[in-house]
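Keep the sequence and the coordinates open while reading.

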Amino acid sequence: MQDINYNKILSCSKTEYRKWITNPRMILLVLLMAFIYNFAVEPLLQNAERMEEKLNLLEPFIAIINSPITLLFIPLVFLSLIADFPVTDGNAILYIHRIGRINWLIAQLVLLFLMAITYSVVVFISSCISALLHSDIGPEWSIVVTEFEKTFPDLHGNFGAQLLPKNLYNQLSITDALMQSFFLVLLYLFIIGLLLLLFTLLKSKILGFIICGGIISIGSALCILSSKLMWVFPAANAITWVHYTEYYRRPIMPMWFSVLYLCFFIILLIVLSFIAVKKMNYDNISEVTA
């Protein structure tokens, strides 16, 4: 069995990470942030202006990653940003020969984790900055969220109010909502990356892209339609508020089920990737990158 060399693993993952964050494709993040601001942040700011109150600084981000619509675009943009993952060009093949298959694969897993958490943190920081001048920092939900419909009953169904439904603020503290939402979305992004990694090792990267896009799109569509089939896909399991009712403590779907669901697929995909990398024939570079 090949020895695990942590220095080689870290060196490989750091090198690829630096290439990733300096890739011109990162311009997609700017476009995503513009869309997110117009779709999710601005309606919350408009409600805050109507009430002449401030939001909690964490609320825009929680709204962003709990919307089935934004949770369609967030993983799709992430998929686009990691389109080259894992890199299997001529230089990469020589690198695999030098550090070994297992060390290379572990390095890719470390790299994927770094990419997913970096992407999530950038979305978080951007959402906070966009609402910074109109927000306070505190441990409680703002009255803009909790009291808007009571204050403006004629605006029932207001889009900004729907971004943070009662299922969230009646059931969870704002810190719990933030932690649960961030963790679930991070697992969701990791699954997308693992699927791309596995299909690359199976020399079917294009098929991997199609499957990832299908999982993201169908999952989000089923969430929007509130279909019971949505729980078959990662998207619903990554959205915190759909697990809860508006008032009753009994959840619609236990949170432990979604965590177990997402973690199971992560472990399964990692195991399959280790099996695939051991069988991968990378002597012919074109086969690996096909």
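Does N56 count as buried or exposed, and why? The model is a predicted one. N56 has a relative accessibility of 4%, and because residues under 20% are classed as buried, N56 counts as buried.

This residue sits in strand 1, which covers residues 55-56. The side chain of N56 has polar partners on the backbone. It reaches the backbone nitrogen of L58 at 3.0 Å, and a polar atom of the N56 side chain lies 2.9 Å from the backbone oxygen of G138. Leaving out residues up to four places away in sequence, N56 touches S135, D136, G138, E140, S142 and I174.

Beyond its neighbours within four places in sequence, W141 is in contact with E59, I62, T146, L164, L168, Y169, L172, S173, I174 and A177. W141 belongs to the largest nonpolar core, which has 98 residues; L32, I62, Y119 and W141 are the ones that touch the most other members. The element that gives the most to this core is helix 11 (residues 174-201), with 19 residues.

The axes of helix 4 (residues 70-81) and helix 12 (residues 205-224) come within 9 Å and cross at roughly 170°. The two helices are therefore roughly antiparallel to each other. Helix 4 makes the contact through L71, L72, P75, L76 and L79, and helix 12 through F209, C212, G213, I216, S217 and S220. Of the residues in this contact, eight are nonpolar, three are polar and none is charged.

Conventions
Residues are numbered from 1 along each chain as its sequence is written. This is a predicted model: local features need pLDDT of at least 70, side-chain atom pairs count only at pLDDT 80 or more; totals for chains, interfaces and linings use all residues. Side-chain values use heavy atoms; hydrogens and water are left out. Axes are lines fitted to C-alpha atoms, for helices over the stretch in contact, and angles run from 0 to 180 degrees between N-to-C directions. Helices (H or I, at least four residues) and strands (E, at least two) are DSSP runs, numbered from the N terminus. Angles under 35 degrees count as roughly parallel, over 145 as roughly antiparallel, 65 to 115 as roughly perpendicular and the rest as oblique. Contact means heavy atoms within 4.5 Å. Ala, Val, Leu, Ile, Met, Phe, Trp, Tyr, Cys and Pro count as nonpolar, Asp, Glu, Lys and Arg as charged, and the others, Gly among them, as polar. A nonpolar core is a set of buried Ala, Val, Leu, Ile, Met, Phe, Trp, Tyr and Cys residues joined through side-chain atoms within 4.5 Å. Buried means under 20% relative accessible area, exposed over 50%, partly exposed in between (1.4 Å probe, protein chains only). A polar contact is a pair of N or O atoms within 3.5 Å; within protein, one must be able to donate a hydrogen and the other to accept it, and residues adjacent in sequence count only if both atoms are side-chain atoms.
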